[in-house]
Every structure is written in C-alpha cells, then in structure tokens.
Amino acid sequence: MGSMKEERKITGWAARDPSGVLAPYTYTLRNTGAEDVLIKVICCGICHTDLHQIKNDLGMSNYPMVPGHEVVGEVVEVGPEVTKFKVGDCVGVGCLVGCCDACRPCKAEVEQYCNKKIWSYNDVYTDGKPTQGGFAGSMVVHQKFVVKIPEGMSPEQVAPLLCAGVTVYSPLNHFGLKKSGLKGGILGLGGVGHMGVLIAKAMGHHVTVISSSDKKKEEALDVLGADDYLISSDVERMQELADSFDYIIDTVPVHHPLEPSLSLLKLDGKLIIMGVINVPLQFVSPLLMLGRKMITGTFIGSMKETQEMLEFCNEKGVRSTIEVVKMDYVNTAMDRLAKNDVRYRFVVDVAGSNLEEETTN
C-alpha cells in the first residue's frame, strides 16, 4: 500500500499498565495509504469499554494503549483512491478500523460480526503495528470505517452517537422495530440507556424506563422525555404492565434476573441484551415458549447503520446529554465514570487540549 507522506509522530494520552492512569505518549502514525484518511481529532467520547480496557478488566489489554472509539475530527489529507471524503470534511470513527472483506458478515455489510475485525485501539492493524484510538491529535483510518457527519451537527454531540447511539439504533433497525406506535422499555439509564430513550422516542415509540429504584425518575421523565418509569420491584405495577411491551433494551452490565423483563413482553416480544456480562444469566423456558418471546443481543452497528443513524438523529434533532472535559481531566473523568458519576457521557475536547502537558487535578 503506497503512502503520501513519511510516517509522523503524534501525541496521545495512553495507559501504560493496568492502573489505567493516562498520560502523554508519543508514537508514530502510519503512512496515509491509498484508501486512507488522515483525521485531525476534534473530540472523543468516553465509553465504559475504555475504562475496562485501560484497566485490563477483560484480560486482553496491551500497553501502551491510547483509548477512544467515539471520535469526531476533520479530514486533513486523503489517499489517492479515496472517493468518499475530501479535505475539510467533518467525519467520525467508531469502534472498528478494519475487517477481512471476504466473510459472510462482511459481504452482507455487517462487518461488526467479522471474526477478523480490527478494533480502533488495543488491536493490531494489517501492517503489524498496534492500533491507537481517539485520545490523540490525529488518526489514520481506511475510508470504509469513516462516516460523514451531517452538516449542522456539533462534534461534541455526535461523539456518543458513534458507539452508544448506533448500539441502540442497530437492533431497532434489524428487528423491524423502527415504526411508530410501538411500546418499548429501556432497562438501565446510563450512556447507552439514555441514547435508547432518545432514539426510541424519536421513532415515535411509547418509552418506559425500567430501573431498580426511583433515583432517576425525574431525569427520565422530565429531561429525557420518557413516557413512563417502572420500578422493577413494584410487584403491582409489574403485573399491571405484563405482556404489554414490544421490546425491552437491556443495558445493565452486571448479573441480574431476566424473568421480570420477559414477563413484561407481549407475544413475539424481544428482550435485547446490550450489557457485557461475563457470568451466565438464567431464565425458565416457559416464559419464552408461552409467548413466543425472544432473548437476543446485537453488537454495536455496521458502518451503513452508523451513517443512517447519524442522518436520523440529525433529522429528528436527537441530542445526547454530555459533559465536555479537557484531556488533563481525563483521569478524573475515568474515576467518575467508574462510579457512574456522569450524565450521561463524557466527551473530551481533544483539539482544545494541550496534549503534551500533564497537569494534576
């Protein structure tokens, strides 16, 4: 693969060990290949996955690691065979930067299910070098894994859509749940859950937030615009709403019972698992069989769905709830995220940060 310029040195903020502490790190960015786009990073969202990766919670972390997979930036250079983008375009990069292009999922344009997919960071690219993410000044990405940001959308607002947004859009799209008038439930109100409420409402659904306590009731109803709020331990209301939901998007990332959610689903209802849980979940089979119900799960979304989702959110005016921080605050932001002390997504102002200097706070 040819290159336009020599490799360049850039600075990002990297974790160097499982402590997860991020600090300035200088590394070499690969050459801009024939179908590559060089992106100057404007901002990058912080996802719970970033926290798991920098701390090696999944046991697969490689260091030094520059995290960040909700990246928005400006195109500053394109390879000679790039047809989708031009210099000056505002673009986004999500969780993936590569795939095999030959398997069944790739040919079906659902490359997120490719067994040889390449992650935006903590992976190895086709040139044998580590991939590094969006907590950095620049990225080089193949045009297939870059999306165009619709005109008028602010970069900070777009960032969470590139992971959390498409994660909830994809199952609604795939399972034919985009039509208005459906009744949906969102279990768990974090970064993904809050996007679920916003996107489902924009599709014209009646949306109920389901939670274990009433702590987020006011926010769910008054801020995010949910239609109802259901506390899962309220036996009377759970029985009242039994067999009434078309779908429930389950974003809870820890072990929890599935039976309460299954009891809420109507005939052919779908329980869509979004949370990454590393212990077995249980349910009794008659709850599925007697209502032809389905437990399923989806993983992020395809590049095609990501572009569709951005256009949809732009058209409907969907705006995520974010807290913008500078890079020198990122370690504090990670600590707060670990305690769920954010409403609902941190976004790092990369372009407005001094990436070379580390400050204490």
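Keep in mind that the model is predicted.

A search of the whole structure turns up three aromatic pairs, and we'll visit two of them.

**Stop one: Trp 119 and Phe 299.** Select both and look down the rings. They make an edge-to-face pair, with centres 5.5 Å apart and 85° between the planes. Now colour by secondary structure: Trp 119 belongs to strand β7 (residues 118–119), while Phe 299 is in the loop between β15 (294–297) and α10 (303–316). That's a link between distant parts of the chain, 180 residues apart.

**Stop two: Tyr 169 and Phe 312.** Select this pair next. The rings are tilted, at 50° between the planes and 6.0 Å centre to centre. Tyr 169 sits in helix α4 (residues 164–174) and Phe 312 in helix α10, so the pair ties together parts 143 residues apart in sequence.

**Stop three: charges over rings.** Show Arg 30 together with Tyr 125. Arg 30 lies over the face of the Tyr 125 ring, 4.0 Å from its centre. Then move on to Lys 183 and Phe 245. Which face does Lys 183 lie over? Lys 183 is over the face of Phe 245, at 4.9 Å from the ring centre.

Notes. Residues are numbered from 1 along each chain as its sequence is written. This is a predicted model: local features need pLDDT of at least 70, side-chain atom pairs count only at pLDDT 80 or more; totals for chains, interfaces and linings use all residues. Side-chain values use heavy atoms; hydrogens and water are left out. Rings of Phe, Tyr and Trp (its six-membered ring) pair if their centres lie within 6.5 Å; planes under 30 degrees apart count as stacked, over 60 as edge-to-face and the rest as tilted. Helices (H or I, at least four residues) and strands (E, at least two) are DSSP runs, numbered from the N terminus. A charge sits over a ring if NZ of Lys or CZ of Arg is within 6 Å of the ring centre and within 35 degrees of the ring normal.
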